[in-house]
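Let's take a friendly walk through a protein model, from its overall layout to its salt bridges and surface patches. Please have the viewer open as you read.

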Amino acid sequence: IWLAVFANLWLLGMVAMALWAALSWLRVRRQVRESVPEDGVYLCDRISSPFLFGLIRPKIYLPSCLEGDARSHVIAHEKAHLARRDHWWKPLGFALLTINWFNPVMWLAYLLLCRDIELACDERVVRRLSAEEKKAYSSALLQCSLPRRAIAACPLAFGEVGVKQRVRSVLNYRKPTFWVIVTAAV
């Protein structure tokens with residue numbers, strides 16, 4: 001009887017996680033419904049932080065109030081997400097988390113995946129920036145940061161994951177030397 005109880009509990013958890021993901025997706029879709037296209041991105045008054053949305057044909061959504069250098073840095077970050085195909089990896093990670101929702105190691109792995117995705121995109125963008133541009137990028141990151149929620153299992157936004165760590169990483173970024181790359185490869 002315990003096997004049946006645990007199996008039903010596992011299925012109930014999976015359904016709850018899938019339902020939560022579907023409702024979150026519908027809520028975001030409703031928020032960006034009235035967005036306005038401009039230069040390959042979509043501007044929206046109803047969002048507070050930029051993000052990439054969509055699996056098949058993802059689009060970059062930005063808050064309407066984002067201007068100047070901040071906008072160009074955010075667009076570069078979101079384009080890095082597109083180039084790395086993060087709009088596929090993150091949902092795949094969440095699907096694995098949904099199946100194994102009972103395993104605390106999976107929760108940790110998913111949160112670390114989300115953090116590493118953001119750090120990798122930051123690194124890809126700041127790799128070619130000067131020191132002053134890195135400061136501007138960090139400022140854009142702070143400008144777009146969101147208050148921390150109790151449960152942030154599926155961060156969508158530009159500044160939602162580990163803002164302090166990301167700013168520190170951006171400001172201290174140094175291009176790896178040839179020997180560091182060779183050692184890491186070995």
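The report below covers the fold, the strands, the salt bridges and the surface.

## Ground rules

This is a predicted model, so to speak a computed one: local features need pLDDT of at least 70, side-chain atom pairs count only at pLDDT 80 or more, and totals for chains, interfaces and linings use all residues. Residues are numbered from 1 along each chain as its sequence is written, and side-chain values use heavy atoms, with hydrogens and water left out.

## Overall layout

The secondary structure of the protein chain comes to 7 helices and 4 strands. Both kinds of element are DSSP runs, numbered from the N terminus: helices are H or I with at least four residues, strands are E with at least two. Read from the N terminus, the order is α-β-β-β-β-α-α-α-α-α-α.

Of the 186 residues in the protein chain, 35% are buried. Here buried means under 20% relative accessible area, exposed means over 50%, and partly exposed lies in between (1.4 Å probe, protein chains only).

## The strands

Strand S4 (residues 59–63) has 4 of its 5 residues buried, so it is largely enclosed by the rest of the structure. Two strands count as paired if DSSP finds at least two bridges between them. S2 and S4 run parallel and are joined by 3 bridges; Leu-43 has Leu-62 as its bridge partner in S4.

S3 and S4 run antiparallel, also with 3 bridges, and Phe-51 has Tyr-61 as its partner in S4. These two strands form a hairpin with 5 residues between them, and Gly-54 in the turn has a positive phi of about 125°.

## Salt bridges

How many salt bridges does a search of the whole structure find? The search finds 6, each being a side-chain nitrogen of Lys or Arg within 4 Å of a carboxyl oxygen of Asp or Glu. Glu-118 pairs with Lys-90, the closest N and O atoms being 3.9 Å apart. This pair links distant parts of the chain, with Glu-118 in helix H4 and Lys-90 in helix H3, 28 residues apart. Glu-118 is buried at 2% relative accessibility, and Lys-90 is buried at 12%.

Arg-71 forms a salt bridge with Glu-67 at 3.8 Å between the closest N and O atoms, and Glu-38, Glu-67 and Arg-71 are linked in a network. Arg-71 is buried, with a relative accessible area of 15%. Arg-115 and Asp-116 meet at 3.0 Å, N to O; Arg-115 is partly exposed at 28%, as is Asp-116 at 40%.

## Surface patches

Patches are made of residues with over 30% relative accessible area and no salt bridge; like charges are joined within 9 Å, and nonpolar side chains (Val, Leu, Ile, Met, Phe, Trp, Tyr) within 5 Å. Accessible areas come from the Shrake-Rupley method with a 1.4 Å probe, and for residues only the protein chains shown count as cover. Trp-10, Leu-11, Trp-89, Leu-92, Leu-96, Ile-99 and Phe-102 form a nonpolar patch with about 680 Å² of accessible area together. H3 gives the most to this patch, with 4 residues. Phe-102 lies in the loop between H3 and helix H4 (104–126) and is partly exposed at 48%.
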